[in-house]
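Colleague: I have this model open and would like to go through it slowly. Where shall we begin?

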Amino acid sequence: MDQLELLLQEIYGESLDENLPALLQQKVAEAQHGFPRYQSWSEKDVILISYGDSVLSEDLSPLQSLHQFLGEYLSGLVSAVHILPFFPFSSDDGFSVIDYYQVNYKLGDWDDIKTLNQDFELMFDLVMNHCSRQSLWFNDFVNGTGEGQDYFIESDPKLDYSAVTRPRTSPLIVDVYTRQGLKHVWATFSDDQIDLDFANPKVLTAFVDIFIFYLKQGARFVRLDAVAFVWKVLGSNCIHLPQTHAIVKLLRWVMEQLDPNMVLITETNVPHQENVSYFGQGDEAHMVYQFALPPLLLHALNRGNGHYLTAWARDLVALPKGCNYFNFVASHDGIGVRAVEQIIPKHEIMDLAESVHNFGGFVSMKSNGDGTQNPYELNISLFDALQGTRTGSDQWQVERFLCSQKLLLSLQGIPGIYIHSLTATANDQALVEQTGRTRSINRHRWQRSEFEKLLSQEHSAQAQVFQRYRALLALRKSISAFHPESAQRVYDCGDALFVLQRGDAPTGKQQAEYQSLLAVFNLTKHPQSIDHHVQLPQAYQQQCKDLLSDETVLLQEYKLKPYQVLWLVSEPEASK
C-alpha cells in the first residue's frame, strides 16, 4: 500500500472508496509539469502579510496599487507576499469564500496576481473548514441538487454539543430553510460560514483540486486557515482529530510531488503544544504559525518583564528536519491569547486585556461549552498596543514598537510582517464603526498619497518607523545567523532582558557573513545592564561589534538604553 492510500485509510477507514487513491494520484500526475523550481528557505526570506486593498491609489486596481507600492519601497527587502483572501466573499473580510476559483473583481484579476508573482513569491489562503452561505455549493444544498448538495453537515439541534471547542460565542448549529424544509447545519465560526463535510470524499477531492489550482497560479506558500476544525465527531471536542492531521499530511504529500520547496503552513490559534502538533513527525506542515509569540511579547513589553517569554523560548524543542516556525507579532486578526492560556496566569491575561481597552482596543471572547467565557483575542493595532505599559501611555512608543519588531526578526524561523506594522498604523476606530466588527480596528486601508504625505513629515510615526524598518530588513538579509534553521539558544539574564544566540558560538575568527550572533533586548523603559554572573559564550564576554549601531561594545560593562536592542558579533581577528 503506497503513502497516498495509507493516508486515505487514516481518513476514511473501511469506508474508503477503492477508486479514490487512483483518482487523486491522477490529479497530481496531471499537474506535475510547468511549475517553477523554488530555492530552499534562507535568511533572505521575509513574508509580508497584506490585504489586497491595504494600499489604494487612483487609476489602479487595489492589487496593482499594492504591487506598485511594494516594488517601490520593499523590493529586495521582503521575499514573499501573503495576500489575504482575495476571492469573492460575503463576510469576515474574505474568509467566507463564495468562489474559490475567482479573484474579487473589486481587487483586480488573476493577471494582477501573476504580475505581482513576477517580483515576489506568494502565499494564498486555503479556507477549508467552511464556505460562504452565498456560495454555489451551499445554494446546491438549499435546492437539493447539484455538486454541493451533500457537502455540508446536517445536525440535530437537540443533541449535546457542549464538548465542542469553539472559537466564537455564536450558535454552533444554525437554521437553513431549504426546498426540502427546515434543516440545521454546523457553523463553527458564524452563520454565514457553513462548515464543509470532509467525511464526504467528494469534498476532499474538491479541495485537492483547489489546492493544485492555487499552486499553479503561483502560490509557493499555502496557509491552511482554521484547519484544526475540519473533521467533526459528535461527542468529541471536534478539534485536532486524527483525520484532520491525516488531511494535512495528504496536502503535504501533494505539494512534495510537485516541488519539495513549496511550503504548507497551518493556522491553528490554540495552546502552544496543540499548535506544534501540526509538524507531525516532519510529515505534516512545513511551518506553523507561532501563536504564542504575539501575546507573550506584548505581555513582556506591557509589564517590562520577560519572565514568561524567556521561559517559553528556552523550552522550545528542536523541530523535525525541514520544519520551522512562521513567526509573527501582528496580523489581520487580533492578538490571540489561547496559545498562552497555560503559560501566562489568567489574572495577568485579564490585566493585559485591560491595557488594551485603555489604549483604544477591544477584547473578543470565546465560549467554553460550560456557559463561561474567556478572552480569545485582543483587537488593537500593535503600534497602539505598544503606546505605553500597564501604567499608561508614555514617550517610548516608537522605540518599544521597534524593539518588538527586532525581536521578531531575530527568532528562529521565517518572519511574517503585517503591513500595518511597517506603516506604524494606529487604531482605525472609524472602520470599526463602519463595519461593526472589532477586528476592523487593525485593517486600515491606506490611501497611498495619505501615507506618503506622513512619510515626508520627519516626526510622524510613519517616517520614524518605516525608514528604520526598511534598514533593519536590509541588514538582516546579510546575516547568515538568521537562517531559519540556524541554531537558537536562549539565556536567562533576568526579567528585564531577553537574550538569545543564533548560530553556534564562534571559537576563532568571525566570518564576514556573521554566522553567529547574540541578540540582547531591553524590555523596559529604564536603562539596563547585563548581570556579570550570567554565563555567556566567551566570544561575547569580549569586545563585540553591534551591527545595529556599528559600535564596539563590551557587554559586561554596557548599559542598554530603554528598549534598545543589540545584535552582537565577535570582532574579527584582523581588527583586534
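Modeller: With two terms: strands count as paired if DSSP finds at least two bridges between them, and the strands (E, at least two residues) and helices (H or I, at least four) are themselves DSSP runs, numbered from the N terminus. The model is a predicted one, in which local features need pLDDT of at least 70 and side-chain atom pairs pLDDT 80 or more, while totals for chains, interfaces and linings use all residues. Residues are numbered from 1 along each chain as its sequence is written, and side-chain values use heavy atoms, leaving out hydrogens and water.

Colleague: Ok, which residue stands opposite Gln488?

Modeller: That is Arg502 in β21, and Tyr491 stands opposite Val499 of β21 as well. β20 and β21 (residues 497–502) run antiparallel and are joined by four bridges, and they form a hairpin with five residues between them, where Gly494 in the turn has a positive phi of about 100 degrees.

Colleague: What is the order of the strands in the open sheet?

Modeller: Its six strands follow the order β20-β21-β22-β27-β24-β25, with antiparallel pairing. β20 (488–491) and β25 (551–554) are the edge strands, each of which pairs on one side only. Neighbouring strands are turned against each other by 30 degrees on average, direction ignored, where axes are lines fitted to C-alpha atoms (for helices, over the stretch in contact) and angles between N-to-C directions run from 0 to 180 degrees.

Colleague: And which helix packs on the sheet?

Modeller: Helix α13 (residues 397–410) does, touching β21, β22 (517–522) and β27 (565–570), and its direction makes about 155 degrees with that of β22. Contact here means heavy atoms within 4.5 Å.

Colleague: Why is β27 called largely enclosed?

Modeller: Because six of its six residues are buried, that is, under 20% relative accessible area, whereas exposed means over 50% and partly exposed lies in between (1.4 Å probe, protein chains only). Val565, Trp567 and Val569 point one way from β27, and Leu566, Leu568 and Ser570 point the other way. β27 pairs with β22 over four antiparallel bridges, where Leu518 stands opposite Leu568, and three bridges join β27 to β24 (residues 543–546), also antiparallel, with Lys545 and Val569 as bridge partners.

Colleague: Changing topic, which residues of α2 are buried?

Modeller: In α2, which covers residues 20–30, they are Leu20, Pro21, Leu24, Lys27 and Val28. Seen down the helix axis they fall within an arc of 130 degrees, so they line one face of α2; the arc is taken from the directions from the axis to the C-beta atoms. Ala22 and Glu30, on the other side of α2, are exposed.

Colleague: What do those buried residues pack against?

Modeller: They pack against α1 (3–12), α6 (201–216) and α7 (242–258). The axes of α2 and α6 come within 11 Å and cross at roughly 10 degrees, which means that α2 is roughly parallel to α6, since angles under 35 degrees count as roughly parallel, over 145 as roughly antiparallel, 65 to 115 as roughly perpendicular and the rest as oblique. Among the residues making this contact are Leu23 of α2 and Ile212 of α6.

Colleague: Last one, how many disulfides are there?

Modeller: Zero in the whole structure, a disulfide being a pair of cysteine sulfur atoms within 2.5 Å. For Cys238, the nearest cysteine sulfur is that of Cys131, 18 Å away. Cys238 is buried at 2% relative accessibility, and Cys323 is buried too, at 4%.
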